[in-house]
Amino acid sequence: MPEEPPVRDELKGVEPYGAPQIDVPVRLNTNENPFPPSERIATAMGEAVADAARSLNRYPDREALALREDLAAYLRAESQVEVDADQIWPANGSNEVMLQVFSAFGGPGRLAMSFSPTYSMYEQYARDTLTAYRTVRRNPDFSLDATTAVAAIIGGAPAIVVLTSPNNPTGTALPLEVISAACAIAPGIVVVDEAYAEFRRPGTPTALCLLEVHPNLIVTRTMSKAFALAGARLGYAVARPEIVDALRVVRLPYHLSSATQAVARTALSFADELLGQVDTLRGERDSMVAWLRDRGLAAVDSDANFVLFGRFADRHRAWAALLEHGVLVRETGPEGWLRVSVGTPEENAAFRTALLEVVSRDGMMAPDMPGAAAEGTP
Ligand SMILES: *Cc1c(COP(=O)(O)O)cnc(C)c1O
């Protein structure tokens with residue numbers, strides 16, 4: 001046996017993050033948009049990449065200026081908020097943006113705080129940047145109120161507060177008053193991860209409108225979900241220019257390839273078409289929640305493109321049973337719950353059919369769930 005490589009103690013024996021990539025007919029486990037770009041858009045992207053290829057001997061625009069202009073124009077139209085290109089910072093997925101945020105604002109002797117259950121990657125950005133990390137529990141219904149958030153922030157004095165809205169894996173959006181209260185009391189920066197913002201229900205606000213009032217606020221967005229562009233890797237931060245400047249200090253040189261910039265700009269020029277399925281997905285999501293509740297299951301209200309549902313006596317058993325039917329969902333969140341991404345109407349129907357069979361099995365539901373009450377009856 002060769003010796004283990006001499007990695008840092010906290011990395012010893014750690015498995016890389018990632019949902020299982022299993023090739024099954026119905027993949028509803030990573031919150032992707034199930035509708036691929038049309039032929040027309042794929043062709044336009046191909047042409048844009050070919051164009052970029054003609055100068056691949058050169059490094060890309062390391063400030064990604066044209067892309068940042070396009071992203072600013074997109075946000076002005078999407079959220080009716082005044083933002084300029086110098087307030088936007090793009091990178092390879094919002095994951096990379098977030099790592100840059102932790103690199104610039106975290107570090108040894110500093111604390112990052114988030115509210116659980118939430119996205120498990122935050123802990124890894126903290127680990128990789130030697131930032132301490134603490135989570136504070138949300139309410140039992142997965143909401144977060146200003147009192148809890150403010151008390152936690154006063155108690156921990158975090159350099160970075162991460163508020164995920166809509167939250168993954170619960171789908172819960174935060175009221176603006178909670179974000180405002182957090183920004184007002186936080187001694188450091190507050191990041192609102194809005195990866196799922198475009199799926200929010202009517203009346204649910206975006207934190208972008210608070211940028212003007214709170215100088216310590218960063219909002220992150222991504223093209224991976226609503227834009228159906230997960231494979232291209234493009235996420236971005238929106239903040240005041242001074243914060244963007246701090247991110248520019250820690251980014252790797254030429255971090256965003258010419259090909260990525262070309263694909264993202266092409267996608268933005270087709271924003272209406274790419275986002276055209278968002279309404280369908282929101283409708284499917286709302287009917288999924290209603291359907292689950294009609295069947296006596298618990299389902300959390302969602303402003304995203306997934307639904308957290310349960311509760312199972314043994315959620316791994318339920319997950320595996322769904323997989324037997326060719327339906328892959330995500331085993332995440334609190335014990336007893338599973339998360340399903342909203343797919344095409346056909347995929348959602350396949351999920352519902354599989355789930356009906358699975359919940360009919362003995363002992364599948366948690367003992368206090370209505371579905372479990374039937375157990376033991378002949
Ligand atoms: C999917 C997701 C992201 C997006 O990651 P990308 O790197 O942009 O693909 C960010 N935050 C949360 C909470 C997510 O669920």
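What follows is a short chat about a helix, a ligand, some salt bridges and a few backbone details.

Q: Before we start, what kind of model is it?
A: This is a predicted model.

Q: OK, helix α5. Which of its residues are buried?
A: Helix α5 spans residues 146-156, and its buried residues are A149, A152, I153 and G156. They cover an arc of only 95 degrees around the axis, which puts them on the same side of α5.

Q: Why would residues spaced like that point the same way?
A: An α-helix has 3.6 residues a turn, so residues three or four places apart point the same way.

Q: What happens just after α5?
A: A157 takes a positive phi there, about 45 degrees.

Q: Switching to the ligand. Which residues come nearest?
A: There are 14 residues around the ligand, and S94, Y196, T222, S224 and K225 come nearest.

Q: Which polar side-chain atoms lie by it, and at what distance?
A: D193 has a polar side-chain atom 2.7 Å from a ligand nitrogen. In S224, a side-chain N or O atom is 2.6 Å from an oxygen atom of the ligand. R233 places a polar side-chain atom 2.8 Å from a ligand oxygen.

Q: How much of the ligand does the protein bury?
A: The protein buries 93% of the 390 Å² that the ligand exposes when taken alone.

Q: New topic. How many salt bridges does the structure hold?
A: It holds 23 salt bridges.

Q: Where do E78 and R200 lie?
A: E78 is in helix α2 (residues 65-79), and R200 is in the loop between β6 (189-193) and β7 (217-222), so their pairing ties together parts 122 residues apart in sequence. The closest N and O atoms of this salt bridge are 3.1 Å apart. R200 counts as buried, at 14% relative accessibility.

Q: What about D368 and R311?
A: They form a salt bridge too, with the closest N and O atoms 2.8 Å apart. D368 sits in the loop between α12 (345-359) and α13 (370-373), while R311 is in the loop between β10 (306-310) and α11 (315-324), 57 residues apart.

Q: Is that pair buried or exposed?
A: D368 is exposed, with a relative accessible area of 54%. R311 counts as partly exposed, at 23%.

Q: Which partner does R315 have?
A: R315 forms a salt bridge with E331, and their closest N and O atoms are 3.9 Å apart. R315 lies in helix α11 and E331 in the loop between β11 (327-328) and β12 (337-341), so this pair ties together parts 16 residues apart in sequence. R315 is buried at 10% relative accessible area, whereas E331 is partly exposed at 32%.

Q: Which residues are joined into one network by shared partners?
A: Salt bridges join E63, R68, D245, R248 and R251 that way.

Q: Last topic, the backbone. Where are cis peptide bonds?
A: One joins S165 and P166, with omega about -5 degrees. Another joins N168 and P169, with omega about 15 degrees. P166 is in the loop between β5 and α6, and P169 has its place in the loop between β5 and α6.

Q: And what is the phi of Q80?
A: It is positive, near 50 degrees, in a residue other than glycine. Q80 lies in the loop between α2 and β2 (88-91), and counts as exposed at 65% relative accessibility.

Definitions and conventions. Residues are numbered from 1 along each chain as its sequence is written. This is a predicted model: local features need pLDDT of at least 70, side-chain atom pairs count only at pLDDT 80 or more; totals for chains, interfaces and linings use all residues. Side-chain values use heavy atoms; hydrogens and water are left out. Buried means under 20% relative accessible area, exposed over 50%, partly exposed in between (1.4 Å probe, protein chains only). Helices (H or I, at least four residues) and strands (E, at least two) are DSSP runs, numbered from the N terminus. The arc is that of the directions from the helix axis to the C-beta atoms. A residue is near a molecule or strand if one of its heavy atoms lies within 4 Å of it. A polar contact is a pair of N or O atoms within 3.5 Å; within protein, one must be able to donate a hydrogen and the other to accept it, and residues adjacent in sequence count only if both atoms are side-chain atoms. Accessible areas come from the Shrake-Rupley method with a 1.4 Å probe; for residues, only the protein chains shown count as cover. A salt bridge is a side-chain nitrogen of Lys or Arg within 4 Å of a carboxyl oxygen of Asp or Glu.
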